[in-house]
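Dear colleague,

Please find below the structure that I am handing over to you. My notes on what was found in it follow directly after.

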Amino acid sequence: MTIIKRKFDVVIVGAGGAGMRAALQLSEVGLKVAVLSKVFPTRSHTVSAQGGIAASLGNVTEDNWHWHMYDTVKGSDYLGDQDAIEFMCRQANEVVYELEHFGMPFDRLENGKIYQRPFGGQSQNFGGAQATRSCAAADRTGHALLHTLYQRNVSANTQFFVEWMGLDLIRDAQGDVLGVTAMEMETGEVMLLQAKATLFATGGGGRIFQANTNALINTGDGLGMAARAGIPLEDMEFWQFHPTGIHGVGVLISEAVRGEGGYLINKDGERFMERYAPNAKDLASRDVVARAMTLEIKEGRGCGDDNDHLLLKLDHLGADIIKSRLPGIRELAIKFAHADPIHDPIPVVPTAHYMMGGIPTNHYGQVVAPYKTGPEEVVTGFYAVGECACVSVHGANRLGTNSLLDLVVFGRAAANQIIEDLKINPHHKPLPADAAEKSLSRLARLENQKDGENVAQVTDALCKTMQTYCGVFRFEDTLLQGVEKIKAVAERVGRTEIKDKSRVFNTARIEALELDNMKEVAVATMFSAEARRESRGAHARDDFPERDDDNWLKHTLFFSDGHRLDYKPVRLKPLTVDSFPPKKRTY
């Protein structure tokens, strides 16, 4: 097969907030940039970020970046790298004002300043009173961010490859990254995109769980590509279960509801979070709220005929507040829960939401990992930002509205680093002769497999395995069983067959390729979770209920080849300020 080859200065895989923020920075300095996206850019999953973007503007309550940094370190359960956290929190105000100047339509206070709302885990004065730090555009902040960045990229002549899927990384014998292979989803055409720099901004992989808040496109594609290319995946045991997914559907009900004054109740009408987090109550860190809800249900205080969910009450806020500040939430509740929150509470349950782990990077967006064996080092030509990356600012648990901040801070930082790196390495490196072989072999296997398994059935088995054996609470026996079961599912993935070989939109092929990526994410998650014998942040083990800083204050690295685990220390030293030493986390 003849493969078309195209050359760019930078290839970006993913057109969400992180990818488009990086693309804008690169295109504006005149670099030739290609952005691949499985969907139209403004439909990327960033559109689902509802509540806001964190920045210590101090427009409502006194605030500063030191307090924001403390909250983020504490929220991470001290697994976050404090140099990266300082970098993010110090730049937060600047990037938000930059978005404002780009034309992002933030809500306004009466004095004209950007509207801010309270969110979970945010405090004043290092754990004191509730802070008001989340800059919001109603409850559609991610939507506003995507449209703003897309319009700026169109003006900057960024080239978008819409409905294209990245297949595999291209690496040479030294381990340098030289671009990607990619497929046009409608036609099945494979193309080789050669680049001086390759940036992954492919988002999360929440579709590995049966109940999740993620879009269908969130299949961990960047992580699968990296794992197959020999890059380890970092901290994959840490998955955030958002406290408020709509019961039976999984659609996200933003923390903004609780930020505006909504609260959770059990079947007795009790505001139960007061028992678990007496100070922060419903605005405790997400892992704390999700575990409290799970315990309420487990102990028989759940709602409904099956006692399997809880209720989010916001009718007391009044119709005007709900219609002006939470219009999208009301629309979702009516459509998916058949409950108008002006009158009725919303049935909710903790739901898989966000991936704290990912491709290991430094705070310049450079991928930092050993190649095959050897010391950790920068992987030349390879960068990652956003949810697919593990920088690690979120550690064991992400604070709400730090995700959009992560996207724009590190999207911009990675682009600036690429600009500097290309001054030193301004030319394309020669491609290996077998640059497209890995992708072509995978496609040939799918085409030629006879009497194989159905992709949808194997995908369902993978998701059920993750949901059953690696959920909010984890147990030794179920994790051990989960490791064996996910290994068996992974073997089945290698025997899948495309039952429908028609070329109409290539849906069957895309789903099979996505399953390859989901397998890598799921296996890394299960193995990493079984190995970490402590409870920290979102990783809660019944057999090891306490955090163990003596033995487990370290990042997990999972290598797909051989299912090998390694570890590296948490970076506890910030860039310029004193560190925040680990202590007991209370809210």
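**His-428 and its surroundings**

His-428 touches Lys-7, Phe-8, Gln-194, Ala-195 and Lys-196, leaving aside residues up to four places away in sequence. Please bear in mind throughout that this is a predicted model. His-428 is placed in the loop between helix 11 and helix 12 (437–448). Its relative accessible area is 23%, so His-428 is partly exposed. Along the chain, His-428 and Gly-179 are 249 residues apart, yet their C-alpha atoms are separated by 9.7 Å.

**Cavities**

The structure contains three cavities of 30 Å³ or more. The largest cavity has a volume of about 680 Å³, and 46 residues line it. Of these lining residues, His-45, Thr-46, Gly-203, Asn-218 and Glu-387 lie nearest the centre of the largest cavity. By class, its lining comprises 15 nonpolar, 25 polar and six charged residues. At least two residues of that lining come from each of helix 1 (17–27), strand 2 (33–37), strand 7 (164–171), strand 14 (346–355) and helix 11 (402–424).

The second largest cavity holds about 80 Å³ of space. Its lining is made up of 16 residues, and those nearest its centre are Gly-386, Ala-389, Cys-390, Val-391 and Asp-406. Strand 18 (389–390) and helix 11 are the elements that give two or more residues to the lining of the second largest cavity. That lining divides into eight nonpolar residues, seven polar residues and one charged residue.

The buried residues of helix 1 are Gly-17, Ala-18, Gly-19, Met-20, Arg-21, Ala-22, Ala-23, Leu-24, Gln-25, Leu-26 and Ser-27.

Helix 15 (residues 507–531) has 25 residues, which at 1.5 Å a residue should span 36 Å. The end C-alpha atoms of helix 15 are 36 Å apart, which agrees with that expectation. Of its 25 residues, 21 are buried, so helix 15 is also largely enclosed by the rest of the structure.

**Salt bridges**

Side chains of opposite charge can pair when their charged atoms come close. In this model, the count comes to 49 salt bridges.

The side chains of Arg-286 and Glu-255 meet in a salt bridge with an N to O distance of 2.5 Å. This pair links distant parts of the chain, 31 residues apart: Arg-286 is in helix 8, while Glu-255 is in the loop between strand 11 (239–246) and helix 6 (256–259). Arg-286 has a relative accessibility of 6% and so counts as buried. Glu-255 likewise counts as buried, at 1% relative accessibility.

Glu-530 and Arg-533 also meet through their side chains in a salt bridge, at 2.8 Å from N to O. Arg-533, at 32% relative accessibility, counts as partly exposed.

Arg-532 forms a salt bridge with Glu-534, and the closest N and O atoms of this pair are 2.7 Å apart. Arg-532 is buried, with a relative accessible area of 0%. Glu-534 is buried as well, with a relative accessible area of 0%.

**A network, and Arg-291 within it**

Arg-532 and Glu-534 belong to a network of salt bridges that also links Asp-77, Glu-237, Asp-287, Arg-291, Arg-536, Arg-547, Asp-549 and Arg-585. One member of this network, Arg-291, lies in helix 8 (residues 286–298). Arg-291 has a relative accessible area of 19% and is buried, since the cut-off for that class is under 20%. Not counting residues up to four places away in sequence, Arg-291 touches Val-472, Phe-473, Gly-537, Ala-538, Ala-540 and Arg-585. Of these contacts, Arg-585 is also named in the network of salt bridges.

With kind regards

Methods: Residues numbered from 1 in each chain as written. Predicted model: local features only at pLDDT ≥ 70, side-chain atom pairs only at ≥ 80, totals over all residues. Heavy atoms only, no water. Helix = DSSP H or I, 4+ residues; strand = E, 2+ residues; numbered from the N terminus. Buried < 20%, exposed > 50% of the residue type's maximum accessible area, 1.4 Å probe, protein only. Contact = heavy atoms within 4.5 Å. 1 Å grid on protein atoms, 1.4 Å probe; cavity = no way out; pocket = protein on both sides within 12 Å on 5 of 7 lines; lining within 4 Å. Points joined across faces, edges and corners; volume = space filled by probe spheres on them. Nonpolar A, V, L, I, M, F, W, Y, C, P; charged D, E, K, R; others polar. Expected span 1.5 Å × (residues − 1). Salt bridge = Lys/Arg side-chain N within 4 Å of Asp/Glu carboxyl O.
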